[in-house]
Amino acid sequence: MSSSKKQALFIASLIILWYSSNIGVLLLNKLLLSNYGFRFPIFLTMCHMSACAILSYLSIVFFKIVPLQVVKSKPQLLKIATLSVVFCGSVVGGNISLRYLPVSFNQAVGATTPFFTAVFAYLMTFKREAWVTYGALVPVVVGVIIASGGEPGFHMFGFIMCISATAARAFKSVLQGILLSSEGEKLNSMNLLLYMSPIAVLVLLPAALVMEPNVLEVTLELGRKHKYMWLLLLLNSTMAYSANLTNFLVTKHTSPLTLQVLGNAKGAVAVVISIFIFRNPVTFVGIAGYSMTVLGVVAYGEAKRRFR
């Protein structure tokens, strides 16, 4: 086999693993939080972050998948801790929303990330895009409004949590660009995860004990009742790390445009698979709204590339 074919096969395998990890962790989150009676989104996020902390350390320090980048100062560590808290908020909010919303609608709302990124970039860095680029964001927002009106399983609290998580994710990406902007402080995504994960666990542990006081008792009971409970929790947490690792590798081995197209398609694939698995009712209006949002995201990415 030629080297070009080997490279193509390697990239295809990475993309399949990236899709499987991202969609798998999303569906398992929904399964655990809604179908298994495991109603502890903060503790679940803590499990994810614990797995990320352990596996990041093994991947970087022992297997040397990427070179270890050392934190050079207390101010840099403080900046990483700030990002970690925002990251925690976005993941917890997303997991809480899955208790109340179908995965399909959760993905529709999540697709509005570019809108919030553009807003925060403008407010925090005064970075302006061309008017055509901002115009492309209109269908992104209108699509979610339409999808909300056509969603049979719409839940206001779940929607607020989902939109908050989406906004926090966008805020974190803009904040990361500001806080770690100097060449000496920049970290690649895997090293950033290595340092953010343990901080996240330290933040989430007391939060889980205070806000989900019976979590250990109920989790042990569910483990006795459902024989696959612990396996699902372990698989779910491992997939959370795998999603981050494969995202980093796909970003490294493909172009930004390819990554954008794959990211948009990934959301659509997750929606279709979740509808087949969870059998949640969908309407033509809901599908039309989500389609408009995805097309808006595609148009925004293209406008941003052309009118840079």
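**Exercise 1: the pocket**

The second largest pocket has a volume of about 230 Å³. (A pocket, on a 1 Å grid over the protein atoms alone, is an open set of points where a 1.4 Å probe fits, with protein on both sides within 12 Å along at least five of seven lines; a volume is the space filled by probe spheres set on the points.) This is a predicted model, where local features need pLDDT of at least 70 and side-chain atom pairs count only at pLDDT 80 or more, while totals for chains, interfaces and linings use all residues. Residues are numbered from 1 along each chain as its sequence is written, and side-chain values use heavy atoms, leaving out hydrogens and water.

Task: work out what lines the second largest pocket.

Step 1. Count the lining residues, meaning those with an atom within 4 Å of a point: there are 16, and S104, V271, G286, I287 and Y290 lie nearest the centre.

Step 2. Find the elements giving two or more residues: helix 4 (103–110), helix 12 (256–278) and helix 13 (284–306). Helices here are DSSP runs of H or I, at least four residues, numbered from the N terminus.

Step 3. Pick out the largest share: helix 13 gives five residues.

**Exercise 2: a length check**

Task: see how the span of helix 2 (residues 41–62) compares with 1.5 Å a residue.

Step 1. The expected span is 1.5 Å times one less than the number of residues, so the 22 residues of helix 2 should span 32 Å.

Step 2. The end C-alpha atoms of helix 2 are 31 Å apart, which agrees.
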